[in-house]
Amino acid sequence: MTHPCELCERDGGLLVWRSDKLRVIRAVGDAQSTDHPAFYRVIWNAHVAEWTDLAPADRSHLMQAVAKVETVLRAALQPTKVNLASLGNVVPHLHWHVIARFDWDARWPAPVWAAAVRDVPDAASRLAVPLDVLDAHVAAALANAPVAG
């Protein structure tokens with residue numbers, strides 16, 4: 001029996017930008033996204049589970065998009081670190097996490113999935129730019145300089 005795929009049925013968060021091949025969302029509505037407000041996912045639109053399910057040109061296309069999101073986060077927020085991850089254990093649909101991390105965040109220096117080690121009320125207010133402005137920068141970077149592929 002086939003189980004429905006959450007990322008085939010829904011955007012997977014707040015939709016920031018979409019093309020025919022992929023989309024970028026900002027994670028919302030869970031502890032990780034509240035504690036780490038600049039938490040984005042680059043999601044391949046077609047249902048594939050693994051990186052090697054993509055043709056080499058599509059792998060390049062996807063990674064160029066990941067790089068563009070990271071570049072915007074670094075320029076706009078100057079984070080302590082940017083975490084990139086492609087796990088897909090819970091939702092086996094190819095996607096990359098792009099997460100701006102700060103030495104003040106709730107789980108620093110542990111992964112965002114670890115237990116919080118400090119309370120950081122309203123983490124979004126600590127960002128150098130408001131989230132809606134950050135989303136617009138991400139969308140513009142992808143729309144104005146489309147990834148090859």
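**From a loop contact to a helix and a pocket**

V117 touches A106, R107 and W108, leaving aside residues up to four places away in sequence; contact means heavy atoms within 4.5 Å. This is a predicted model, where local features need pLDDT of at least 70, side-chain atom pairs count only at pLDDT 80 or more, and totals for chains, interfaces and linings use all residues. Residues are numbered from 1 along each chain as its sequence is written, and side-chain values use heavy atoms, without hydrogens and water.

V117 sits in the loop between β5 and α4. Helices (H or I, at least four residues) and strands (E, at least two) are DSSP runs, numbered from the N terminus. V117 is exposed, at a relative accessible area of 55%. Buried means under 20% relative accessible area, exposed over 50%, and partly exposed in between, with a 1.4 Å probe and protein chains only. The C-alpha atoms of V117 and A55 are separated by 41 Å, the two residues being 62 apart along the chain.

R107 turns up again at Q32. Q32 touches F39, R107, V112 and W113, not counting residues up to four places away in sequence. Q32 belongs to helix α2 (residues 31-35). Q32 is buried, with a relative accessible area of 18%.

Next comes α4. Helix α4 (residues 131-144) has 14 residues, which at 1.5 Å a residue should span 20 Å; its end C-alpha atoms are 20 Å apart, which agrees. The expected span is 1.5 Å times one less than the number of residues. Which residues of α4 are buried? They are L131, L134, D135, V138, A139 and L142. These residues cover an arc of only 135° around the axis, so they lie on the same side of α4. The arc is that of the directions from the helix axis to the C-beta atoms. An α-helix has 3.6 residues a turn, so residues three or four places apart point the same way. On the other side of α4, D132 and N144 are exposed. The buried residues of α4 pack against β1 (14-18), β2 (22-26), β3 and α3 (56-77).

α1 (6-9), β3 (39-44) and β5 (95-101) each supply at least two residues to the lining of the largest pocket.
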